[in-house]
Amino acid sequence: MTLTKLPAVMLAGGGSGAASGFVNPESYGLKAVGVSGADPALNKIALESALAAGPVLLPSKTYQVTGINFTGKIVLIGCGFDSRLVVTGSGAGIHIAIPAGNVGTILRDFAIEPSVSGGGTYGIHFEQTHANGYMANWEISGISMDLSKPWGSISINLDNHIAAADGFFTGVIEKCVMTTGPNGGIVGDHIGDSIIIRKNVVSGGLGVSINCIQVAGARQLVIQDNNLTSRNGQIYLEACGQATVRNNWCEHPAYMGEFVGAPIVLAEITLASCYMCDLTYNTISGGSGQPGPGGSPIGGASYGVRLTGTTQISIIGPRNWIYAVGISYINDISTSGTNSAISTGTGANILA
């Protein structure tokens, strides 16, 4: 296909005609940085209005907004990381309330960041607000959050603090780049079945890179092919059933400074009261045994993998590479009475 035959929406960086199928947010008053009249508060209103009208294609420009608030399904797709939202407000960058059913929400291929390091609260916040609410067949893909500017709390927050029975299910977070805020990188609070977290970079922060608790009865969480570096442990799973943790790079480099996880998070990967989980082919390095530039570690204790609470019938291995941790490679203090299996022999974990 020659350039001249591309749809007008692709040539112009946005469109609202039937040929494109996308809404151009600039036709609702969204103005890029450097354009006369560009105002973050007005840009918020314009972008919310465009999202209410249909799927939005965000042009390859930088826009300041005070944050986006929406109820229900949205589709917001950018043209890559040059489609950029800079959030000047004190709240979430994008907050989606889920009062009942939400099927098919998509956030894809754009950048979003706070205007100052530590600004705002959450980068992306999906919040269950109704006891019968649910969010299904959703996608957060190809989102860039400036690694030098952590959010004030959490980068991506799947928030079901009301523990709605269905909550979040059948969704994916993939190919995103972010720094952890002080309370986490990717956090799932009472998430549901069939969620995939894969191929993300979570780097350089003070919170746990991926921190998930499942709602009662949920199963099938997949955490795979992520590159994770944090000072507060990389993966912390609580009450998760049949979670697969595979092929992740989990590292706390010494140059980042001391481990900050004690007393709750004491390991690079923690299973707390989990059931039938598999940890295989992960690289796991560092923790409070890795002193930072200040000298001796202050975290108290560190482990490569730690099983606590009532964790049971889980498999550690084969072929995890675990090294440079402070106390022990694998620590099982779970109290269920049903032993988990630690791979030995030919298919054993590599402990270095």
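Which side chain of opposite charge is nearest to Glu251, and how far away is it? In this predicted model, the nearest is Arg231, at 13 Å. Glu251 is buried yet has no salt bridge. The residue sits in strand β22, which covers residues 249-252. Its side chain does make a polar contact with the side chain of Trp249, at 2.9 Å. Beyond its neighbours within four places in sequence, Glu251 is in contact with Leu228, Thr229, Ser230, Gln234, Glu268 and Ser285.

The chain as a whole holds two helices and 31 strands. Of its 352 residues, 53% are buried. Among contacts between residues at least 6 apart in sequence, 74% join residues at least 24 apart.

Strand β18 gives a view of how strands are arranged. This strand spans residues 221-224. In a regular strand, side chains alternate between the two faces of the sheet. In β18, Leu221 and Ile223 form the covered face. Val222 and Gln224 form the uncovered one. β18 pairs with strand β15 (residues 195-198) in the parallel sense, over four bridges. Within this pairing, Ile223 of β18 is the bridge partner of Ile197. β18 also pairs with strand β21 (residues 244-246) in the parallel sense, over three bridges. Here Thr244 of β21 is the bridge partner of Val222.

Thr308 counts as buried because its relative accessibility is 14%, under the 20% cut-off. Not counting residues up to four places away in sequence, Thr308 touches Thr270, Leu271, Ala272, Ser273, Ile333 and Ser334. One of these, Ser273, is 35 residues away in sequence, yet the two C-alpha atoms are 6.2 Å apart in space.

Helix α2 runs over residues 40-53. Its 14 residues reach 20 Å from first C-alpha to last, close to the 20 Å expected. In an α-helix there are 3.6 residues a turn, so residues three or four places apart point the same way. The buried residues of α2 are Pro40, Asn43, Lys44, Ala46, Leu47, Glu48, Ala50 and Leu51. They pack against five strands named β1, β2, β3, β4 and β5. Asp39 caps the N-terminal end of α2. A side-chain oxygen of Asp39 lies 3.0 Å from the backbone nitrogen of Ala41. Just after the helix, Gly54 takes a positive phi of about 155°.

Seven salt bridges are found in the whole structure. One joins the side chains of Arg108 and Glu139, at 2.8 Å from N to O. This pair links distant parts of the chain: Arg108 is in strand β8 and Glu139 in strand β10, 31 residues apart. Arg108 is partly exposed, at 25% relative accessibility. Glu139 is buried, at 17%.

Another salt bridge joins Arg198 and Glu174, with the closest N and O atoms 2.7 Å apart. Arg198 lies in strand β15 and Glu174 in strand β12, so the pair ties together parts that are 24 residues apart in sequence. Arg198 is partly exposed, at 32% relative accessibility. Glu174 is buried, at 11%.

Lys199 forms a salt bridge with Asp225, the closest N and O atoms being 3.9 Å apart. Lys199 is in the loop between β15 and β16, and Asp225 in the loop between β18 and β19, 26 residues apart. Both count as partly exposed, Lys199 at 44% and Asp225 at 30%. Salt bridges that share partners also join Arg84, Glu113 and Lys149 into one network.

Conventions:
Residues are numbered from 1 along each chain as its sequence is written. This is a predicted model: local features need pLDDT of at least 70, side-chain atom pairs count only at pLDDT 80 or more; totals for chains, interfaces and linings use all residues. Side-chain values use heavy atoms; hydrogens and water are left out. Buried means under 20% relative accessible area, exposed over 50%, partly exposed in between (1.4 Å probe, protein chains only). Contact means heavy atoms within 4.5 Å. Two strands pair if DSSP finds at least two bridges between them. The expected span of a helix is 1.5 Å times one less than its number of residues. A polar contact is a pair of N or O atoms within 3.5 Å; within protein, one must be able to donate a hydrogen and the other to accept it, and residues adjacent in sequence count only if both atoms are side-chain atoms. Lys and Arg count as positive and Asp and Glu as negative; His and the chain ends are not counted. A salt bridge is a side-chain nitrogen of Lys or Arg within 4 Å of a carboxyl oxygen of Asp or Glu.
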